[in-house]
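The structure comes first, and the text follows it.

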Amino acid sequence: MTRETFHHHTTDLPSSQLALRMLLQLAWRNLWRHRKRTLITLSSIAIGFSLAVISIGLGDGSHNSMVRNAIQLGEGHLTVQPPGYLASPANHKFIPDGQTLAQQMQQLEIAGHIDPRISLQILASTAHNSVGSSLQGMDTQHDQRIRLLKPKLIAGHWLEPDDQRGILIGVGMSRKLKAKVGSKVVLMAGKQSGDSQAQLGRVRGIFASGVAELDDFLVLSEINFARYFLLGESDSDVADTPTTPVTRVAVFLDNPDRLNHWKARLSTALKSEQIAVLDWQEMMPQLVQFIIVDDAGNYIFLTLILIMVGFGIINTVLMSVLERTREFGLLRALGLSRSHLLLLVFAESLLLSVLAVTAGWLIGGSAHLWFASQGIDLSGVMSESTEIMGTFIDPVVYTELSWARIIQLTTIIFITTLSSGIYPAIKAARVTPVEALRT
């Protein structure tokens, strides 16, 4: 190594590091010159940040609760059904061989549950009244709907696996039809040819889910009972027909984060003009729109927090700059460049940003962890029904924050706080020594 190279490595590089270190030390000292003002600013930012964390955490928690319940009551994370069925449901649109389809799906070894189902538009009638309704045929021993609906029975009992005529109805429909446990209900469905077909069902149980769309219009049965209508649609003889038609197959994933992966695999494996693979967002667009609109309200609140944070930072740093105008003039007279002076004030904003985010997460993060484990009981402030958009919110809501949301909140607050120091830094850099020393 030459003498010049040695001199470069022992003076220039350490000098740069030393200058940066001195700037940070000066910025830290200047930040705490007025300790009370800095603490008040940090407190306001931290409290505002904490409120934003709790608000968005509760929003995400309630939305996720709605989605989970909607998926359990609805058609799963993924739904395999005839194309165009969602836009224009009709009883004649079905998959002819549901058993083969289910076997193909099981060969993919999907981490979750696969539930074949039949969905029909029918007219339910008793001697007292008639009600348009939806007949849902399913495996009443293994279907995922059992988890939510079986505990909601208020009369009668759940369907047995060999019950070929039993049906379950909601409490709203039982009132409209004046039906009770044991009552006969005639279920009538139209055919594509214009004719109609009917089956006789007997009420085995009555449920009260708390969701009006289910309690007033849903009829549940064993899948084989609902299959009579599909076989009648194709004018096939029940005893001689080897096929097992279904309207759709619902897929419930053990890990919802793998939804896109399994949707792609199913679409590739079941590629056919007669089959469409839809995710829950496509099946429930109204719920997705509701969540987007509700999220917008949370972001409006976050925007107000950011405005408060911005003014708080500008006030603290700008007041500090104005108080030190003479000091900055002296530093400029001693040879400190405009860029170094700008960096000095910007470093103060940087340190204040780091402190604000840290304090915000200490308070907001602690509150989030508490509400994530204990939850907030909203039953006292909500009406008797927690139904929203065809689903419902659990009465106890827990805050939920994904890592993406945590990074998003941290980045937004940090950038807002840091950006608020740009104007004071530019104002400080514009100080001229002569004018400053006269102040």
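The model discussed here is predicted.

**Thr 79**

With neighbours within four places in sequence left aside, Thr 79 is in contact with Arg 248, Val 249, Ala 276, Val 277, Leu 278 and Met 283.

**Nonpolar cores**

In soluble globular proteins, nonpolar side chains tend to be buried together. In this model the largest nonpolar core has 55 residues, and Leu 187 and Leu 266 have the most contacts inside it. Not counting residues up to four places away in sequence, Leu 266 touches Leu 78, Met 105, Leu 108, Ile 110, Val 251 and Val 277. Another core, of 31 residues, lies apart from that one; Leu 42, Val 321, Leu 351 and Leu 401 are among its members.

**Aromatic pairs**

A pair of aromatic rings is described by the distance of the centres and the angle of the planes. Four aromatic pairs are found in a search of the whole structure. Two of them are listed below.

| Pair | Centre distance | Plane angle | Class |
|---|---|---|---|
| Phe 49 and Trp 361 | 5.3 Å | 75 degrees | edge-to-face |
| Phe 225 and Phe 229 | 6.5 Å | 90 degrees | edge-to-face |

Phe 49 sits in helix α2 (residues 35–73) and Trp 361 in helix α12 (residues 338–374), so their pair ties together parts that are 312 residues apart in sequence. Phe 49 has a relative accessible area of 0% and is buried.

Phe 225 and Phe 229, in contrast, both lie in helix α7 (residues 223–233), four residues apart, about one turn of the helix. Both residues are buried. Ring pairs link Phe 225 and Phe 229 with Tyr 228 into a cluster.

**Packing of α12 and α13**

Helix α12, which holds Trp 361, packs with helix α13 (residues 403–419) at an angle of about 145 degrees, and the axes are 8 Å apart. The crossing of α12 and α13 is right-handed. On the α12 side the residues that meet α13 include Phe 346, Leu 350, Val 354, Val 357 and Trp 361. The α13 side includes Ile 406, Leu 409, Ile 413, Phe 414 and Leu 418. Trp 361 therefore takes part in the ring pair with Phe 49, and Trp 361 is also one of the α12 residues that meet α13.

Terms used. Residues are numbered from 1 along each chain as its sequence is written. This is a predicted model: local features need pLDDT of at least 70, side-chain atom pairs count only at pLDDT 80 or more; totals for chains, interfaces and linings use all residues. Side-chain values use heavy atoms; hydrogens and water are left out. A nonpolar core is a set of buried Ala, Val, Leu, Ile, Met, Phe, Trp, Tyr and Cys residues joined through side-chain atoms within 4.5 Å. Buried means under 20% relative accessible area, exposed over 50%, partly exposed in between (1.4 Å probe, protein chains only). Contact means heavy atoms within 4.5 Å. Rings of Phe, Tyr and Trp (its six-membered ring) pair if their centres lie within 6.5 Å; planes under 30 degrees apart count as stacked, over 60 as edge-to-face and the rest as tilted. Helices (H or I, at least four residues) and strands (E, at least two) are DSSP runs, numbered from the N terminus. Axes are lines fitted to C-alpha atoms, for helices over the stretch in contact, and angles run from 0 to 180 degrees between N-to-C directions. A crossing is left-handed if the near helix is turned anticlockwise from the far one by less than a right angle, and right-handed if clockwise.
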